[in-house]
Amino acid sequence: YEAFQKNLEKQYQAYYDLKYSSATVSLPQIQNQLDEKTAMLSYVIGEQHFYIFTITKNSIFLESRVKNRDFEDNITFLINAIRFSSYKPFSKMAYQLYQELFPTKNLAQIKNLVIIQDGKLSVLPMEVLLSKRISKKDDGKDFSKLPYLILEKSFGYAYSATLWYQNIGRNKQSEQGVALIAPVNFTGNISQLPATEQEVSEIAMICRQRKFKVNTLLKEDAQEAMLKKLNLKDFSVLHFATHGLVDEENPELSQVFLGANEQEDGNLFAGEIFNLRLNADLVTLSACEVGLGKLTKGEGLIGLSRAFLYAGAKNLVVSLWKVSDESTARLMIYFYANQFENLNKTYAQAMREAKLSLLKDANYAKPYYWAAFVVLGK
């Protein structure tokens, strides 16, 4: 078994780091990678208390807070209020959870946050929390006027501080290519995604303007077999605009839907994703609920996200609930335009700007449209 582990460390470094490495990043190592405007918030959820580590470049602060007996139920309540765009319930709970969850010190000058979540927190995009109480006189209509945390800071997420540290030093490989995959049309009871065609077409145009090499698998070409024939290590960005399905009971059966042929059934299962050989700085899953999974104590969410990380992805964009076809296309186009306009931006910063663009649009100002997608990584 030791020989097997040593072989993994030699041949499959990314997998070994995720699964077997016992090396843990130290607080000084984390602080050395933080700039003056970036902080890490790491949460540990206990039975009766939870703990918040606030780590900045020059300080470390630990808070212990009593865990509300309705802690998990309140998070579920907020997510449901977002899904149904219920203004009053959302605004009340978003402020309540802000008071419960957000640190009170050391963040005044901070513009960028790295969030290490735990337990039920893993399904909550913390940028939707409200930093101020909403007046009782509020008419309950205009979601665009609410004091979201995203107006103040960018948010990136990570499964652990060690994984974040391992990836933070890896530079973006901008000379490599971009692969865009969008089946658009599906058989059976799976709904069609007409807006994904425009989504990948506009992203391809943005990439070509920046002199990126682009490989687009669209409609009938977006087959599972075609994807597996590509040398996936040649792509620094993989973008899937399709449907996804997360099986919380059997995470290995979670899947991304692609086209089928005689060789492949079109269901790219998590078990197959583990065996892909990626070298992607970014994998975007522009699909519904692909950021969810089985909540395992000590491990976090086990699902498609974890599978792509094991396969070699350094950063991910995933969703936490079912999303609108049209709003997702707009968000993704904004995201890539922001990112490729300035490669020095973090993905979290580019995503924040994209979300703010939707927030300014009256048609998509509700958090349902812009808050579902989160960045796992930098």
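Does Val-114 count as buried or exposed, and at what relative accessibility? Val-114 counts as buried, at 7% relative accessibility, where buried means under 20% relative accessible area, exposed means over 50%, and partly exposed covers the range in between (1.4 Å probe, protein chains only). The model is predicted, so that local features need pLDDT of at least 70 and side-chain atom pairs count only at pLDDT 80 or more, while totals for chains, interfaces and linings use all residues. Residues are numbered from 1 along each chain as its sequence is written, and side-chain values use heavy atoms, with hydrogens and water left out.

## Overall form

The protein contains 13 helices and 16 strands, the helices (H or I, at least four residues) and strands (E, at least two) being DSSP runs numbered from the N terminus. Its radius of gyration is 20 Å, close to the 21 Å that the globule rule gives for 378 residues, so the protein is as compact as a globular protein of that length; the radius is taken over C-alpha atoms, and the rule is 2.2 Å times the number of residues to the power 0.38. Along the principal axes, the C-alpha trace spans about 60 × 55 × 40 Å.

Of the 378 residues, 53% count as buried. Among contacts between residues at least 6 apart in sequence, 71% join residues at least 24 apart, contact meaning heavy atoms within 4.5 Å.

## Nonpolar cores

In soluble globular proteins, nonpolar side chains tend to be buried together. The largest nonpolar core here has 108 residues, of which Leu-78, Phe-90, Met-126, Phe-240, Val-283 and Phe-308 touch the most other members; such a core is a set of buried Ala, Val, Leu, Ile, Met, Phe, Trp, Tyr and Cys residues joined through side-chain atoms within 4.5 Å. Leaving aside neighbours within four places in sequence, Phe-308 is in contact with Phe-240, Val-256, Ile-273, Leu-278, Val-283, Leu-285, Ala-313 and Leu-316. A second, separate core of 10 residues includes Leu-34, Ile-55, Val-114 and Ala-161.

Val-114, a member of that second core, is found in strand S4, which covers residues 112-116. Beyond its neighbours within four places in sequence, Val-114 is in contact with Thr-38, Ala-39, Met-40, Leu-41, Gly-156 and Trp-164.

Thr-216 lies in strand S7, residues 214-218, and is partly exposed, with a relative accessible area of 30%. Apart from neighbours within four places in sequence, Thr-216 is in contact with Leu-180, Ala-204 and Arg-208.

Lys-219 is found in the loop between S7 and helix H8 (224-229), and at 32% relative accessibility this residue counts as partly exposed. Most residues other than glycine have a negative phi. Phi of Lys-219, however, is near 55°, a positive value in a residue other than glycine. Ser-85, likewise not a glycine, has a positive phi of about 50°; Ser-85 is placed in the loop between helix H4 (71-83) and helix H5 (87-101), and counts as partly exposed at 21% relative accessibility.

Gly-266 is found in the loop between strand S10 (255-257) and S11, and counts as buried at 1% relative accessibility. Its contacts, leaving aside neighbours within four places in sequence, are with Glu-224, Val-256, Phe-257, Leu-258, Gly-259 and Ala-260. Asn-267 lies in strand S11, residues 267-269, and under the same exclusion of neighbours within four places is in contact with Glu-224, Gln-255, Val-256, Phe-257 and Glu-272.

## Separations in sequence and in space

| Pair | Apart along the chain | C-alpha separation |
|---|---|---|
| Thr-216 and Ser-201 | 15 residues | 8.5 Å |
| Asn-267 and Leu-245 | 22 residues | 9.7 Å |
| Val-114 and Gln-198 | 84 residues | 32 Å |
| Gly-266 and Ser-85 | 181 residues | 34 Å |
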